[in-house]
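Dear colleague,

Please read the two together.

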Amino acid sequence: MGSSGWFRVQEMVPGIFVIQEPGHVQSYLVQGKERSALIDTGMGFCDIREAAEPLAGNSILVLNTHWHFDHIGGNALFTQIAVSILEAKLIEKPIPNDLLRRIYVEPFMEQGVPFPQGFDPRTYKIRGSRATRLLDHGEEIDLGGRILRVLATPGHTWGSLSFLDSRTGALLCGDFLYPGTLYAHFEDSDPQAYIRSLKRILEVEGEVRLMLGGHNEPLVPKDLPKKALEGFQRILEGARPTYTVYDWGEPVLRYEFGEVHILTKPPGSRGVKLPLA
Ligand SMILES: [Zn+2]
């Protein structure tokens, strides 16, 4: 399946390329002298390896920010995969066609997003993949000429990771931070953990020159960690939700504090459980 025309590629800072998929998610290729890192692998609509390999020019290690379907779709195309020690099991299960049709294919059709050439909605599925390295907070991944430091940033999911690039000061943060509504309403989401993670990022603020997120515009507003921290703190202090929304058929609380929007699970609810095969 050809990848040309589906992914939009742009160099954000020297040696870091965003690989965007229309209307939804983005992955990042970080070039090293000895090997390169592909941070997340998208939805699996189309071969992301074909898009990433020419940018890398050497071997690719996949680093997953977290286990969600839209970040691991192309994992099975690669042999070297590193993921949080807390989420390794979750990337092993295949995601079946009927589920993917419901969550991606049908909404995309409704929005009029054109599918890539060769994509067949009837056979589309995500294969399971196996981690070859388990990551924990504080580890370093040497790519040659640049080191990615692993920062545990749980909150969106329990094992969410961010990666801080020594060469450019870019923090690649997946779904922990991006411009848009932050999701802290899943079964393995945790607002308290979100607060600790945001404080962790503010502690290394001096090293962070820019942040690149997993959805919407790649560049995360510089003041988002501080504003999101204030938002989560207000929620835990008992702020009233702005309104209730439904996700996966379950009620979810939506908070709007200026530009910061956050979804959380209602008190007593276990949160939205994403189905797995
Ligand atoms: Zn996610």
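To begin with the charged side chains, Lys-89, Glu-92 and Arg-130 are linked in a network of salt bridges, a salt bridge being a side-chain nitrogen of Lys or Arg within 4 Å of a carboxyl oxygen of Asp or Glu. Please bear in mind that this is a predicted model, in which local features need pLDDT of at least 70 and side-chain atom pairs count only at pLDDT 80 or more, while totals for chains, interfaces and linings use all residues. Residues are numbered from 1 along each chain as its sequence is written, and side-chain values use heavy atoms, with hydrogens and water left out.

A search of the whole structure finds 13 salt bridges. One of them joins Arg-49 to Glu-53, with the closest N and O atoms 2.8 Å apart; these two residues are separated by about one helical turn, because they stand four residues apart in helix H1 (helices are DSSP runs of H or I with at least four residues, strands are runs of E with at least two, and both are numbered from the N terminus). Arg-49 is partly exposed, with a relative accessible area of 35%, and Glu-53 is partly exposed with a value of 35%; here buried means under 20% relative accessible area, exposed over 50%, and partly exposed in between, with a 1.4 Å probe and protein chains only. In helix H5 (residues 224-236), Lys-226 and Glu-230 are likewise four residues apart, which means about one helical turn, and their salt bridge has its closest N and O atoms at 3.4 Å. Glu-230 is partly exposed, at 39% relative accessible area.

The salt bridge between the side chains of Glu-207 and Arg-149 (2.9 Å, N to O) links distant parts of the chain, since Glu-207 is in the loop between helix H4 (191-203) and strand S13 (210-213), Arg-149 is in strand S9 (residues 147-152), and 58 residues separate them. Glu-207 is partly exposed at 40%, and Arg-149 is partly exposed at 22%.

Turning to the metal, the protein donors of the zinc ion are His-66 (NE2), His-68 (ND1), His-156 (NE2) and Asp-175 (OD), lying 2.2 Å from it, where donors are N, O and S atoms within 2.8 Å of the metal (3.2 Å for Na, K and Ca) and sites may look incomplete, as water is not among the atoms. Along the chain these donors follow the spacing H-x1-H-x87-H-x18-D. His-68 lies in the loop between S5 and H2, and Asp-175 in the loop between strand S11 (170-174) and strand S12 (182-184), so the pair ties together parts that are 107 residues apart in sequence. His-68 counts as buried at 4% relative accessibility, and Asp-175 counts as buried at 5%.

The nonpolar interior comes next. A nonpolar core is a set of buried Ala, Val, Leu, Ile, Met, Phe, Trp, Tyr and Cys residues joined through side-chain atoms within 4.5 Å. The largest one has 41 residues, and those with the most contacts inside it are Leu-29, Leu-38, Phe-45, Phe-69 and Tyr-124. Among the elements that give two or more residues to this core are strand S2 (16-20), helix H2 (69-72) and helix H3 (97-111), and the largest share, six residues, comes from H3. Leaving aside neighbours within four places in sequence, Tyr-124 is in contact with residues including Met-43, Phe-45, Leu-100, Tyr-104 and Phe-119, contact meaning heavy atoms within 4.5 Å. A second, separate core of 27 residues includes Ala-184, Val-208, Leu-229 and Phe-232.

The buried residues of H4 are Pro-191, Ala-193, Tyr-194, Ile-195, Ser-197, Leu-198 and Ile-201, and what covers them includes S9, S11, S12, H5 and strand S16 (260-264).

Lastly, two backbone angles deserve a look. Most residues other than glycine have a negative phi. Asn-216, in the loop between S13 and H5, has a positive phi of about 65° although it is not a glycine, and Trp-248, in the loop between strand S14 (243-247) and strand S15 (250-257), has a positive phi near 55°. Asn-216 counts as partly exposed at 42% relative accessibility, and Trp-248 counts as partly exposed at 32%.

With best regards
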